[in-house]
Amino acid sequence: MPGTRVITRIGALLCIASVFVTLPDVTGVHGASAAQQPVFPKRQLRAAWIATVTNIDWPSKTGLSIAAQKQEFIGLLETLQKMNFNAVVVQIKPTADAFYPSQYGPWSEYLTGVQGKDPGYNPLAFMLEEAHKRNFEFHAWFNPYRISMQDDMNRLAPDHPARKHKDWVIAYGGKLYYNPGEPAARDFIEQSVLEVVKNYDIDAVHMDDYFYPYPVDGQDFPDDATYKKYGAGKFANKADWRRDNVNRLVQELSQKIKHEKQYVKFGISPFGVWRNKSDDPTGSDTRAGTTNYDTLYADTRLWIKQGWLDYITPQIYWNIGFEVADYAKLVDWWNKEVQGSRTQLYTGQAAYKIGTDSPPDWKDPEEIPDQLRLNLRYKNVQGSMFFSMKDLQENRLKIRDKLAQELYKYPALIPTMPWIDKLPPTPVELVSARATEQGVELHWMDLSCNDATSFAIYRFEGNEKPGAADFANASNLLTLVRNQQGDISRTFVDKTAQHGKTYTYFVTALDRLHNESDPGKGRTVKLP
């Protein structure tokens, strides 16, 4: 409920008062002068899409044992850890089915090979636990309208909701879809998302670019009867009515998610072009054959202006200099599009094109790195999502190495969202830092009533004072440690500390919206 966060904060403040802790000024943690600006951003979303439809990323194939499925997923997380990623976007409802027990759809066929067959465990619960254990945000990815990758209703599970509500279903382009114009279908879809929001500790609800389906040559989406029933008397044309259907879904989901759990983010990853300049003078300087507004009926501009989204991730899946849709021009356009809004901008990166002959040639190993460097020039671009995980795994053109050793060399905190919450947690007490045979062992204490979900550990060479320490420089951020609830005493061993050096350590607390506490008092240790 919306009041939960406030109540938690009040309780924390009462607890703080009882132990005579004063809330500090936190500007020293987050601010830095122009001369101190870090080469690497301290805050940056770094996410990978993990697609499950047709077993694109996980599981690698149907019918694997529970142990094999778990081992594969943990392997993906460990790969991302090595590259200093901090979020995963996992497709948990790819085709109106589910990777968890659901009353709104059968078990996914991409687990066992048979739609509706219980896999013997709860994959979503498992994935959440493993992601959070490694301090990843978990964005639950839903495909709202797609029912199946084929158009034969008889091939759906016997208890599939689409069989019970055939009047909601439209066959188009060899697939089945819930009709976006049916109000009852829209409510059903919204409730299927809220089921997860209510029952699981997800960090965000995520949708991609599949609203009205991509057009099939020579075929119009067959919703004339629905338009006549619901839209003909209210809208001048079918296109406006279709956009309104999608707008309603986005608005209602936004409101209902926040009503249930205010801290759960809502983000959408649309096609990379809103409208071409030839169709709207405020559109991008592109000549895309598909656009969100005119083809997919997704008015992303309205969603941003209305504040319905916490983040937007346009899929800018073209190279820098591509004449029809130039990555550089589109990043600049989207940066301006979110200016002054409360919607954060992340860019969708085409990892699947790396090293391929996709026109134009994507065999330049610096294409994606150059895109990420270009992103840093825009203050509103606050991170990236990569499609998809398997393409990072394959390490074509050494992309994994470039990310781990260069672009994502240091860890990064996820950007804050002050419109949801801007109150930092209470500072922790770094009790000790001592040299051991294994490295430098840190020990700190956290208040039992604090709402920290993780801790940031900073390391500076020499004897550093809090006022002089550059906390904005990501190179000083050693690591992030997940808060294991129930234990106020924490320990971490820095195994990378070098003999003969002197280090000063600080520990800060981060809440689930990544607000950061003051660093408090540091501890200095000299290694023998």
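This is a predicted model: local features need pLDDT of at least 70, side-chain atom pairs count only at pLDDT 80 or more; totals for chains, interfaces and linings use all residues.
Biologist: Which residue of β3 is the bridge partner of valine 90?
Modeller: Strand β2 also pairs with β3, in the parallel sense and over six bridges. The partner in β3 that corresponds to valine 90 is alanine 140.

Biologist: How many residues of strand β2 are buried?
Modeller: Strand β2 covers residues 87-93 and is largely enclosed by the rest of the structure. A residue counts as buried when its relative accessible area is under 20%. By that cut-off, the number of buried residues in β2 is seven of the seven.

Biologist: What is the handedness of the β-α-β unit made by β1, α3 and β2?
Modeller: The two strands of this unit, β1 and β2, run parallel, and the helix that belongs to the unit is α3, residues 66-82. The handedness of the unit is right-handed.

Biologist: Is α3 roughly parallel or roughly antiparallel to α5?
Modeller: Helix α3 packs with α5 (residues 123-133) at an angle of about 30°, with the axes 10 Å apart. Angles under 35 degrees count as roughly parallel. The crossing of α3 and α5 is right-handed, and the angle makes α3, relative to α5, roughly parallel.

Biologist: At roughly what angle do the axes of α12 and α13 cross?
Modeller: Helix α12 covers residues 327-337 and helix α13 covers residues 367-375, and their axes come within 11 Å. The crossing of α12 past α13 is right-handed. The axes cross at roughly 30°.

Biologist: What span does helix α7 reach from its first C-alpha to its last?
Modeller: Helix α7 runs over residues 183-199 and has 17 residues. At 1.5 Å a residue, the expected span is 24 Å, and the model is close to that value. From the first C-alpha to the last, α7 reaches 24 Å.

Biologist: Which residue in the hairpin of β5 and β6 takes a positive phi?
Modeller: Strands β5 (residues 169-172) and β6 run antiparallel and are joined by four bridges, with isoleucine 170 standing opposite tyrosine 177 in β6. The hairpin has two residues between the strands. The residue with a positive phi, near 60°, is glycine 173.

Biologist: Which residue of β18 does threonine 504 stand opposite?
Modeller: An open sheet of four strands has the order β15-β14-β17-β18, with antiparallel pairing. Its edge strands are β15 (477-482) and β18 (523-526), each of which pairs on one side only. Four bridges join β17 (residues 502-510) to β18, and the residue opposite threonine 504 is threonine 524.

Biologist: Where is serine 388, to which a cis peptide bond leads from phenylalanine 387?
Modeller: The bond from phenylalanine 387 to serine 388 is cis, with omega near -10°. The place of serine 388 is the loop between β11 (381-386) and α14 (389-394).

Biologist: Does alanine 96 count as buried or exposed?
Modeller: Alanine 96 lies in the loop between β2 and α4 (109-112), and its phi is near 55°, a positive value in a residue other than glycine. Its relative accessibility is 5%, so alanine 96 counts as buried.

Biologist: What is the relative accessibility of asparagine 135?
Modeller: Asparagine 135 lies in the loop between α5 and β3, and it has a positive phi near 65°. Asparagine 135 counts as buried, because its relative accessibility is 14%.

Note on methods
Residues are numbered from 1 along each chain as its sequence is written. Side-chain values use heavy atoms; hydrogens and water are left out. The expected span of a helix is 1.5 Å times one less than its number of residues. Buried means under 20% relative accessible area, exposed over 50%, partly exposed in between (1.4 Å probe, protein chains only). Two strands pair if DSSP finds at least two bridges between them. A crossover is right-handed if, with the strands pointing away from the viewer, the path from the first strand over the helix to the second runs clockwise. Axes are lines fitted to C-alpha atoms, for helices over the stretch in contact, and angles run from 0 to 180 degrees between N-to-C directions. A crossing is left-handed if the near helix is turned anticlockwise from the far one by less than a right angle, and right-handed if clockwise. Angles under 35 degrees count as roughly parallel, over 145 as roughly antiparallel, 65 to 115 as roughly perpendicular and the rest as oblique.
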